Amino acid sequence: MTTTPVAPAVPRGLAGVVVTDTALGDVRGREGFYHYRQYSAIELARTRSFEDVWYLMFHGELPDRAASADFAARTARLRLLPADVREALPAIARAGAVSGPLAGLRTALSLLGASAGFRPVYDLDAGSRRTDALAACAAVPTILTALQRLGQGLEPVEPRTDLPYAANYLYMLTGSEPGPDRVRAIERYLISTVDHGFNASTFTARVVASTGADLAACLVAAVGALSGPLHGGAPSRALDTLDAIGTPDRIDGWIREQVLSGRRIMGFGHPVYRTEDPRSRMLKSIAQEFGGPLVGFAVEVERQVEAILAELKPGRELHTNVEFYAGVVMELCGLPRAMFTPTFAAARVIGWSANILEQAEDSKIIRPAARYSGTPAPQPVPAP
């Protein structure tokens, strides 16, 4: 008599399950720390450019000044979209008038991959994979800002090769060259969100990469995962919370009602961190550099939420996550709320691509099992 091996039980959602090794970074939730390669992600955000961090993720080391300048110039030249992709953007924007630029990015990335002749990563060497990844990453900000402007009845703004990544992103979005304070604020935000362990979209990208699919297909899958409100849709929702509260005198009553009714307070809590989210700490300091009523209100909401949660749910630490102050910073920098999650994608595409490149080095397909819980089989098939 043969028996079917019993698959080991794992937590729902694979929470905490180690599925592979990676040299790209890690999140140490109990410490409130995360890193890219061997460097603190927050320290990189404070001290290096976005292009330097991009180089680090793709090459495994930080560039020297010459390599940094060469890499920045090389990636800047890749910002201009192929003609057939540019020509299709108005139709994509019209089709996504309700769903917005992030949904349009999925279609545009598929078209970009086809237009550029991306081949399955399984069939490419490491250098060719990296070439495709650089082209896709450089194109994403151009696609997103063009779709946003077209959706507002405006003409897209062509990318500039003389501006760094963050400055060019804001320029393409607004049509005017941004001030250095806004550029540096957004750049630090972008760096802080390049990668963050095996989150849903990163894991999705790696699953598709394990099949040997082309780089565009892997990124489209990642964008699809990011579009879910439980993953990438929270920055604007966290800001909506501040709007719903309205004034400081309403904080206590509003928060208590949410907690007692079991509703989630957007911008608070994280599935990995058991202490303060280091990204939130940094973004809070950036917001406070700007100052103003919105920042003061956000800080007071944070203080009262943590106090109320400590009272009503003792022993359960809940702090602001990256989305809470990310929304405040992007609002202060003039980004429309429809672009909050797309801006996140403009950073995370680097992390996705680095993970795709790493996964492509492993020929083993990711193929987990499921435990069947339906009606016992086989059952007799009823007559028609």
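**Ground rules.** I number residues from 1 along each chain as its sequence is written, and side-chain values use heavy atoms, with hydrogens and water left out. Since the model is predicted, local features need pLDDT of at least 70 and side-chain atom pairs count only at pLDDT 80 or more, while totals for chains, interfaces and linings use all residues.

**Entry 1: Arg37.** I found Arg37 in the loop between β2 (33-36) and β3 (39-40); strands are DSSP runs of E, at least two residues, numbered from the N terminus. Arg37 is buried (under 20% relative accessible area, 1.4 Å probe, protein chains only). Which side chain of opposite charge is nearest to Arg37? I found Glu358, 5.3 Å away, and Arg37 has no salt bridge (a side-chain nitrogen of Lys or Arg within 4 Å of a carboxyl oxygen of Asp or Glu). A polar atom of the Arg37 side chain lies 3.5 Å from the backbone oxygen of Ala23.

**Entry 2: Glu358.** I then looked up Glu358 and found a salt bridge with Arg206, 2.7 Å from N to O. This pair links distant parts of the chain, 152 residues apart: Glu358 is in helix α16 (residues 340-359) and Arg206 in helix α9 (residues 200-210). Helices are DSSP runs of H or I, at least four residues. Arg206 is buried, at 2% relative accessible area.

**Entry 3: other pairs.** My search of the whole structure gave 20 salt bridges. One of them joins Arg256 and Asp252 at 2.9 Å, N to O. These two sit four residues apart in helix α12 (residues 251-260), so about one helical turn separates them. I also noted a network of salt bridges linking Asp240, Asp243, Glu331 and Arg337.

Conventions:
Buried < 20%, exposed > 50% of the residue type's maximum accessible area, 1.4 Å probe, protein only. Lys, Arg positive; Asp, Glu negative; His and termini not counted. Polar contact = N/O pair within 3.5 Å; in protein donor to acceptor, adjacent residues only side chain to side chain.
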